[in-house]
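Thanks for making time. Let me put the chain up, and then I'll walk through pockets, a helix and some charge pairs.

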Amino acid sequence: MMTTTDLIAASTSVLEAGGYQPIRDGFPMWNTTSTRLFEDKYNVVGIAIFTTTAELLQAWADLQGALVDVISRHVGQTENKAWDGYLVLLTTAIAPGSDANIEDIRSDTTRLRKLVATGED
């Protein structure tokens with residue numbers, strides 16, 4: 001089973017291999033042991049790792065607001081990435097396959113696109 005440290009390391013590796021650059025300065029909320037912020041020419045991506053599904057469900061809306069704030073304040077309106085933000089929410093926990101709350105987040109495309117993966121994914 002992967003740990004939260006494994007997930008943040010793997011996520012970072014995948015994004016960096018895809019040409020994304022980490023944003024480390026000026027955004028302490030996005031530079032913790034469980035969060036990271038990345039950008040490329042076209043997108044801004046915030047990653048958050050959780051140990052439980054309950055933590056993910058409790059925190060995702062605040063993280064979405066924080067990422068929208070980063071994009072609004074620091075990306076010019078005419079830049080392509082001003083309109084392409086992704087919030088990646090990951091947990092090592094197993095969520096019931098029928099968990100409507102997780103599915104609701106996955107299908108919610110308001111403000112940002114959300115990608116959610118739980119332990120069984």
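Start with the second largest pocket: its lining divides into six nonpolar residues, four polar and one charged. The lining residues are Met1, Met2, Leu7, Leu90, Thr91, Thr92, Ile94, Ala117, Thr118, Gly119 and Asp121. The space in this pocket is about 180 Å³.

Ground rules, quickly. This is a predicted model, where local features need pLDDT of at least 70 and side-chain atom pairs count only at pLDDT 80 or more, while totals for chains, interfaces and linings use all residues. Residues are numbered from 1 along each chain as its sequence is written, and side-chain values use heavy atoms, with hydrogens and water left out.

What do I call a pocket? On a 1 Å grid over the protein atoms alone, it is an open set of points where a 1.4 Å probe fits, with protein on both sides within 12 Å along at least five of seven lines; lining residues have an atom within 4 Å of a point. Grid points are joined across faces, edges and corners, and the volume is the space filled by probe spheres set on the points.

Now the largest pocket. It holds about 270 Å³ of space. Of its 13 lining residues, Ile71, Ser72, Ala82, Trp83 and Arg111 are the closest to the centre. By class, the lining has six nonpolar, four polar and three charged residues. Which element gives the largest share of that lining? It is α2, with three residues.

Stay with one of those central residues, Arg111. Arginine 111 sits in the loop between α3 and β5. Its phi is near 65°, a positive value in a residue other than glycine. Arginine 111 is exposed, at 55% relative accessible area. For the cut-offs: buried is under 20% relative accessible area, exposed is over 50%, and partly exposed is in between, with a 1.4 Å probe and protein chains only.

Next, helix α2, residues 53-74. Helices (H or I, at least four residues) and strands (E, at least two) are DSSP runs, numbered from the N terminus. How far should α2 span? At 1.5 Å a residue, its 22 residues should span 32 Å, and the end C-alpha atoms are 30 Å apart, which agrees. The expected span is 1.5 Å times one less than the number of residues. There is a bend, though: about 45° at alanine 59. That is the angle between axes fitted to the seven residues ending there and the seven starting there.

Which residues of α2 are buried? They are Thr53, Leu56, Trp60, Leu63, Gln64, Ala66, Leu67, Val68, Val70 and Ile71. Alanine 61 is also in α2, but it is partly exposed at 41% relative accessibility. From alanine 61 to leucine 90 is 29 residues in sequence and 14 Å in space, C-alpha to C-alpha.

Last topic: salt bridges. I count a side-chain nitrogen of Lys or Arg within 4 Å of a carboxyl oxygen of Asp or Glu. How many turn up in the whole structure? The search finds four.

One is in α2. Arginine 73 and aspartate 69 meet at 2.6 Å, N to O. They are four residues apart, about one helical turn. Arginine 73 is exposed at 61%, and aspartate 69 is partly exposed at 35%. An α-helix has 3.6 residues a turn, so residues three or four places apart point the same way.

Another is in α3, residues 100-107. Arginine 106 pairs with glutamate 103, the closest N and O atoms being 2.5 Å apart. Arginine 106 is partly exposed at 27%, and so is glutamate 103 at 38%.

The remaining one on my list joins arginine 113 and aspartate 84, with closest N and O atoms 2.6 Å apart. Arginine 113 lies in strand β5 and aspartate 84 in the loop between α2 and β4, so the pair ties together parts that are 29 residues apart in sequence. Arginine 113 is partly exposed at 37%, and aspartate 84 is partly exposed at 23%.

How values were computed:
Ala, Val, Leu, Ile, Met, Phe, Trp, Tyr, Cys and Pro count as nonpolar, Asp, Glu, Lys and Arg as charged, and the others, Gly among them, as polar.
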